[in-house]
Amino acid sequence: MTQPLLDVRGIAKFYGARIGCADVSFDLWPGEVMGIVGESGSGKSTLLNCIAGHLEPDAGEVFFDTRVDGMKDTLLMSEPERRILSRTDWAFVHQNARDGLRMIVSAGGNVGERLMAVGARHYGDIRARAIDWLGRVEISESRIDDRPTAFSGGMQQRLQIARNLVTGPRLVFMDEPTGGLDVSVQARLLDLLRSLVREMGLSAIIVTHDLAVVRLLADRLMVMKDGRVVEAGLTDQVLDDPQHAYTQLLVSSVLQV
Amino acid sequence: MYVAVKGGEKAIDNAHAWLAEDRRGDPSIDVLSVAQIREQLSFAVNRVMAEGSLYDPQLAALAIKQARGDLIEAIFLLRAYRTTLPRFGTSHPIETEKMSCIRRISATFKDAPGGQVLGPTFDYTHRLLDFKLAADGDIEEAELASKPLDEAVPHITNFLNAEGLIQQEPNTDTEPGDLTREPLELPANRALRLQSLARGDEGFVLGMAYSTQRGYARNHAFVGELRIGDVTVEMDIPELGFSIEIGEVEVTECETVNQFQGSKTEPPQFTRGYGLVLGQSERKSISMALVDRALRWKELGEDNLGAPAQDEEFVLYHCDNIQATGFLEHIKLPHYVDFQSELELIRKLRREAQSHLQTQEAAE
Amino acid sequence: MSEYNFAYLDEQTKRMIRRSILKGLAIPGYQVPFASREMPMPYGWGTGGVQVSAATLTPDDTLKVIDQGADDTTNAISIRKFFQKTAGVNVTEKTAEASLIQTRHRIPEVTLREDQILVYQVPIPEPLRFLEPSEVETRKMHALEEYGLMHVKLYEDISKHGAIATSYAYPVRVEGRYVMDPSPIPKFDNPKMEMAAVQLFGAGREQRIYALPPYTEVISLDFEDYPFEASKADHACDLCGAENSYLDEVIIDDQGGRIFVCSDTDFCTSRQDQTKEEAA
């Protein structure tokens with residue numbers, strides 16, 4: 001491993017005079033999970049969307065180690081190039097499963113879509129892989145032809161994860177993957193995510209306001225406030241020995257709960 | 001021995017002959033003249049001209065007669081005729097502030113220069129069937145006003161404009177596109193949207209406008225001004241080197257004044273919707289103004305509420321009644337072939353489902 | 001009818017349509033927007049095909065018009081008459097004699113030649129339309145070759161019905177690039193689309209023209225283990241005995257009695273005539 005998978009430099013996004021995020025630089029190495037925490041409005045989702053190509057930042061570069069051309073600024077890619085990237089090497093798990101699923105397509109079809117988008121043309125294989133992935137996210141094979149509308153919130157989120165991971169992406173973006181779920185459902189999902197991350201050696205960027213999520217999943221951590229990174233480091237270090245006053249507040253407020 | 005049905009050609013000829021006979025109706029009743037339709041069914045004529053995009057009361061009346069009063073069919077006749085007409089050029093924009101109004105009302109100001117003119121309206125008629133009309137009763141002549149109307153009838157929105165209270169509509173010299181000469185591509189600009197709405201189906205545009213009033217992208221419209229009257233049409237004649245008046249057309253114009261909270265970039269101010277329709281058509285022009293306003297959400301930095309009237313593609317692709325009626329009615333054309341393929345498929349699927357069921361039962 | 005130009009449309013309009021046709025031929029399967037004119041026949045009844053034919057016809061052409069494979073269905077007659085009146089061209093019911101064939105819903109059974117043009121009437125040119133209603137979005141999907149959704153539809157069919165449940169207007173991929181709607185022809189006709197004749201598709205109401213140059217690769221979408229099948233009713237024609245032609249089912253009595261006859265009327269009558277000749 002001589003170079004990072006992702007190299008983010010000087011990302012900034014403004015909404016009129018208001019700062020969305022500014023001056024954010026970091027790198028991500030293969031197999032590494034980066035957590036981004038902060039309260040709502042801290043700019044963490046803006047940052048994630050800028051990096052993932054859903055929002056156009058006003059400044060900065062996002063280099064990704066592409067299979068063919070090596071390090072390449074994804075912000076300068078053409079739209080087709082970026083779309084190919086986002087359905088092959090990249091994956092995006094939305095907070096709201098409805099944003100990441102096709103609600104009128106069966107669970108099997110949802111998982112199979114990415115495979116078909118990259119050229120899979122054998123129904124039996126596609127179905128077998130869908131069944132395998134449903135199993136990995138603990139959805140019974142018998143539900144394969146049901147639509148996600150018939151699923152609980154936790155199941156929908158697990159289905160979304162299966163749909164994203166089925167093509168073996170090299171980088172996964174997650175936006176509050178456990179947000180909006182019941183606490184018990186959250187715990188199960190976190191467990192599942194942790195084992196998937198370990199088994200697959202996933203590289204991921206996870207945005208969350210929940211320190212428990214990063215404690216469990218992230219190797220490294222960035223803390224954001226008012227659009228800027230106020231502290232960054234190894235997860236355990238930052239959480240156990242927070243340096244910035246705001247991080248101290250975040251950590252202590254969790255401990256008090 | 002089965003013999004395939006033939007003789008479609010003869011059937012078509014016979015159908016046309018029968019249609020003509022039905023159109024005439026009972027021959028003991030006087031035949032309806034085109035002039036009678038033009039003069040006495042003027043709202044029908046107006047609608048056909050507006051949605052046919054052709055100002056010619058005589059031809060519109062003929063089309064209504066030929067279509068036996070089916071106005072969409074009449075509009076279709078006029079449109080098909082219109083496409084074959086040569087284009088001599090483009091007129092200057094009509095100047096509606098110079099309109100000789102027969103009606104002009106404002107819901108926003110009690111009085112304004114030029115005054116309110118009620119004009120010939122159904123508004124305050126009691127909707128009681130008038131049996132005198134059934135008896136061919138002649139009417140008494142309406143009384144003439146003691147003095148003529150002011151010649152200058154400024155637009156009421158201009159007063160708000162002067163105060164800076166209403167959104168500015170900058171003048172541009174860009175030539176608007178022509179829906180009938182270029183394919184509609186989206187997003188369309190406002191000129192094209194207005195063009196499309198002006199010839200759009202009255203019922204469709206009315207329904208869309210009504211939906212905004214009931215909360216599907218509500219925009220709090222007041223009729224700032226509604227005016228009906230004649231305007232002159234002027235055109236440059238290259239051979240002459242100057243412009244001349246080539247005639248007068250009657251139009252209905254509606255400007256709405258809409259509430260607006262202001263956005264990130266704009267201070268609170270009123271906004272506008274605009275409707276202009278050939279002939280007298282209040283309902284259509286008011287509807288058009290409301291839909292125009294609803295479609296402007298993006299330009300005004302408003303939220304897309306997902307309402308049908310805000311969806312440019314939905315409105316523009318479905319407001320044309322000639323397109324709609326043609327496609328709708330085409331499903332009565334023969335579809336033997338596609339239906340046959342569906343028949344075979346459904347039989348095959350049922351056979352497979354049946355044999356699947358049987359294998360299952362056998363296994364159990 | 002001297003008051004109208006040859007084949008009804010004025011020359012300006014024809015030139016505009018020809019440019020769109022040429023563009024379509026240059027990018028096979030790509031839907032070219034064109035300024036469709038309002039024709040003296042209803043939208044949905046072949047206004048696109050008629051405009052393409054009008055822009056393609058020359059006074060020396062021999063025209064054949066079919067609807068559902070038949071020359072004598074009312075709308076085919078009506079369109080044929082329209083061109084007889086406005087263009088004065090020769091018309092024929094014989095596929096082999098025609099230089100230009102306008103069709104709705106069928107490809108003739110007889111193999112077409114390089115010197116022939118086949119014009120299709122198209123109701124909805126967008127193969128992705130019923131998966132994605134927005135035109136803005138589908139144009140983007142074509143531009144970026146995002147066709148995964150198309151196979152999702154086929155996948156859903158198989159998971160629900162055990163087979164691909166599309167029997168007509170069966171989507172195809174052209175030269176490995178554009179996914180195209182072949183117009184509502186039965187899927188039986190799909191393999192014929194790799195042909196020697198020029199194929200032009202006109203959608204009047206939707207303002208689109210697209211085209212296939214001769215010998216273009218046209219592949220019907222499918223899965224390796226659920227291959228495309230050009231199916232037809234499992235019968236022979238009860239009139240001419242053909243076993244390889246697409247059949248219409250005709251109900252002949254109150255007891256549900258039915259026979260199967262060729263949908264291509266010219267093909268069927270030529271075969272019957274030939275049998276009679278041989279017998280004589």
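## Contacts, bridges and strands

Visitor: How many residue pairs are in polar contact across the interface of domain 1 of chain B and domain 2 of chain B?

Guide: Six, with both residues of each pair at pLDDT 80 or more. A polar contact is a pair of N or O atoms within 3.5 Å; within protein, one must be able to donate a hydrogen and the other to accept it, and residues adjacent in sequence count only if both atoms are side-chain atoms. Helix α3 (42-52) and helix α5 (71-83) of chain B each supply at least two residues to the domain 1 side. α3(B) gives the most, with six residues. By class, that side has six nonpolar, two polar and four charged residues.

Visitor: What kind of model is this, and how do the labels work?

Guide: This is a predicted model: local features need pLDDT of at least 70, side-chain atom pairs count only at pLDDT 80 or more, and totals for chains, interfaces and linings use all residues. Residues are numbered from 1 along each chain as written, chains are lettered from A and ligands numbered from 1 in the order written, and side-chain values use heavy atoms, without hydrogens and water.

Visitor: What makes a residue nonpolar, polar or charged?

Guide: Ala, Val, Leu, Ile, Met, Phe, Trp, Tyr, Cys and Pro count as nonpolar; Asp, Glu, Lys and Arg count as charged; the others, Gly among them, are polar.

Visitor: Where are the two domains of chain B?

Guide: Domain 1 is 2-82, and domain 2 is 96-121 + 143-319. The bounds come from an automatic or database domain assignment. The C-alpha centres of the two domains lie 31 Å apart. Twelve residues of domain 1 and 14 residues of domain 2 take part in the contact.

Visitor: Why is the link between B:Arg47 and B:Asp201 called a salt bridge?

Guide: A salt bridge needs a side-chain nitrogen of Lys or Arg within 4 Å of a carboxyl oxygen of Asp or Glu.

Visitor: How much area is buried between the domains of chain B?

Guide: About 1100 Å², with carbon and sulfur atoms giving 48%. Buried area is the accessible area (1.4 Å probe) that two parts lose on being put together, summed over both.

Visitor: How many residues of chain C are in contact with chain B?

Guide: 60 residues of chain C meet 46 residues of chain B. About 4400 Å² is buried between them, 58% of it from carbon and sulfur atoms. C:Glu38, C:Tyr43 and C:Trp45 supply 14% of the area that chain C buries against chain B, more than any other three residues.

Visitor: What makes B:Asp13 and C:Lys81 a salt bridge?

Guide: Their closest N and O atoms are 3.0 Å apart, within the 4 Å limit, so the pair counts. The rule finds four salt bridges between chain C and chain B. It also finds 24 residue pairs in polar contact there. α3 (74-87), α4 (135-143), β11 (247-251) and β12 (258-262) of chain C each supply at least two residues to its side. The largest share, five residues, comes from α3(C).

Visitor: How many salt bridges are there between chain C and chain A?

Guide: Two. One of them joins C:Glu146 to A:Arg87, with the closest N and O atoms 3.0 Å apart. Helix α5 (148-161) of chain C gives the most to the side that touches chain A, with nine residues. That side divides into seven nonpolar, three polar and eight charged residues.

Visitor: Why are β1 and β3 of chain C said to stand at the edges?

Guide: Seven strands of chain C form an open, mixed sheet in the order β1-β9-β8-β5-β4-β2-β3. β1 (32-33) and β3 (90-91) each have a single partner strand, so one side of each lacks a neighbour in the sheet. Helices (H or I, at least four residues) and strands (E, at least two) are DSSP runs, numbered from the N terminus.

Visitor: How do you know that β2 and β4 of chain C pair?

Guide: Pairing takes at least two DSSP bridges. β2 (62-67) and β4 (100-104) have five, in the parallel sense, so they pair. C:Ile66 stands opposite C:Thr103 in β4(C).

Note on methods. Contact means heavy atoms within 4.5 Å.
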